[in-house]
Amino acid sequence: MSSKRGVEYAPRLFDLTSLQVECNKKFAYSADDTLKTIQSLYEKKVTTYPRVDTTFLSDDIYPKCPNILKGLRDYQVLTAPLANAKLPKSKKVFDSSKVTDHHAIIPTGVYSQNLTDMKRKVFDLVTRRFIAVFYPDCKISTTTVLGEVEKVEFKVSGKQILEPGWRVVFAREKTEEKENEEEKVLPVFVKGESGPHLPDLQEKWTQPPKLYTEATLLRAMETAGKLVENDELRDALKENGIGRPSTRAAIIETLFKRNYIRKEKKNLVATATGVELVNTIHEGLLKSAELTGMWEKSFVR
């Protein structure tokens, strides 16, 4: 048996794509609905400019953070532990070199009133991420247990949360992801111990790739360059992928409006019209991310 201590850092602040992904996973909101909602919150002056592609804050935002936290009246239970100490300034959060025109999406500190349920949920996601980056790291212990039953060796690994740190900011959330994490937490073992064991054998089959959801499609559009073999075109796509953070929702909505795709629960499924369109276009380049890479390369030059 071996144990190794480590830390988990707080989740990064939101850019537009990561906010759309999170809202689709947690609330099944479409990318377009999330964009409209965060745009409305910006217009109400309770969150910052939303059409951004960075998860960092510029250094000049740091002195403003105490007042922003003070303005989050509905989150005083979480902000109170930060009030009487100097806020940490991490390079994982504050880095002017990673910010161009606008920084990551954060609350402004203006009191949010009379929000609809959707706006309240999106605002809550943005606010908790902002608060969490000032909390201590989560300290964990990763444990590996080696055992033997009838000369058959087995190994299991899991983790134990020693100090929750930033996790207390998200303590009320009960997500499928969190439940899966909890399944990996091991009970306490003592080196050399033995006892009865009931083996369990599971038979599984390989599965085809899962259907896209809006969350996974957004990420695929963002990282489309990974699928391109040509080095120059891959580099051209590396910065932007397919579309921009502010246009990807509109691209997906266009596919819906033209009846190329439909939604089944959270999954996106190609319609007969969409399949026919793809089959009609015989030139493979027109259907590939390489073409976008060529356009990006030409535009840069």
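Good morning. The model I am presenting is a predicted one.

Is Lys263 buried or partly exposed? Lys263 has a relative accessible area of 35%, so this residue is classed as partly exposed. The general principle is that side chains of opposite charge can pair when their charged atoms come close.

How many salt bridges does the count come to? The count comes to 16 salt bridges. I shall discuss two others.

One is formed by Arg167 and Glu8, whose side chains meet at 2.8 Å, N to O. Here again distant parts of the chain are linked: Glu8 sits in strand β1 (residues 2-8), while Arg167 sits in the loop between β3 (152-163) and α6 (176-183), and 159 residues separate the two. Both Arg167 and Glu8 are buried. Together with Lys159, Arg167 and Glu8 are linked in a network of salt bridges.

The other involves Lys91 and Asp95, with the closest N and O atoms 3.5 Å apart. Which of these two residues is exposed, and which is buried? Lys91 counts as exposed because its relative accessibility is 58%, and exposed means over 50%. Asp95 has a relative accessible area of 8% and is therefore buried, given that buried means under 20%.

The protein chain contains 11 helices and five strands. Its residues number 301, and 39% of them count as buried. The chain exposes about 19700 Å², of which carbon and sulfur atoms supply 53%. Among contacts with a separation of 6 or more, 75% are between residues 24 or more positions apart.

Gln20 has a relative accessible area of 0%, so Gln20 is buried. Leaving aside residues up to four places away in sequence, which residues does Gln20 touch? Gln20 touches Ala31, Thr34, Leu35, Leu218, Pro245 and Ala249.

Rolling a probe the size of a water molecule over the atoms shows where empty space is left. In the largest pocket, that space comes to about 1200 Å³. The pocket is lined by 31 residues, and those closest to its centre are Leu217, Ile242, Ile251, Leu255 and Lys287.

Which elements each supply at least two residues of this lining? They are α7, α9 (248-257), β5 (267-270), α10 (272-280) and α11 (289-300). Of these, α11 gives the most, with five residues. The lining of the largest pocket divides into 24 nonpolar, four polar and three charged residues.

To close, I return to the opening residue. Thank you for your attention.

Notes:
Residues numbered from 1 in each chain as written. Predicted model: local features only at pLDDT ≥ 70, side-chain atom pairs only at ≥ 80, totals over all residues. Heavy atoms only, no water. Buried < 20%, exposed > 50% of the residue type's maximum accessible area, 1.4 Å probe, protein only. Contact = heavy atoms within 4.5 Å. Helix = DSSP H or I, 4+ residues; strand = E, 2+ residues; numbered from the N terminus. Areas by Shrake-Rupley, 256 points an atom, 1.4 Å probe, with all protein chains shown as cover. Salt bridge = Lys/Arg side-chain N within 4 Å of Asp/Glu carboxyl O. 1 Å grid on protein atoms, 1.4 Å probe; cavity = no way out; pocket = protein on both sides within 12 Å on 5 of 7 lines; lining within 4 Å. Points joined across faces, edges and corners; volume = space filled by probe spheres on them. Nonpolar A, V, L, I, M, F, W, Y, C, P; charged D, E, K, R; others polar.
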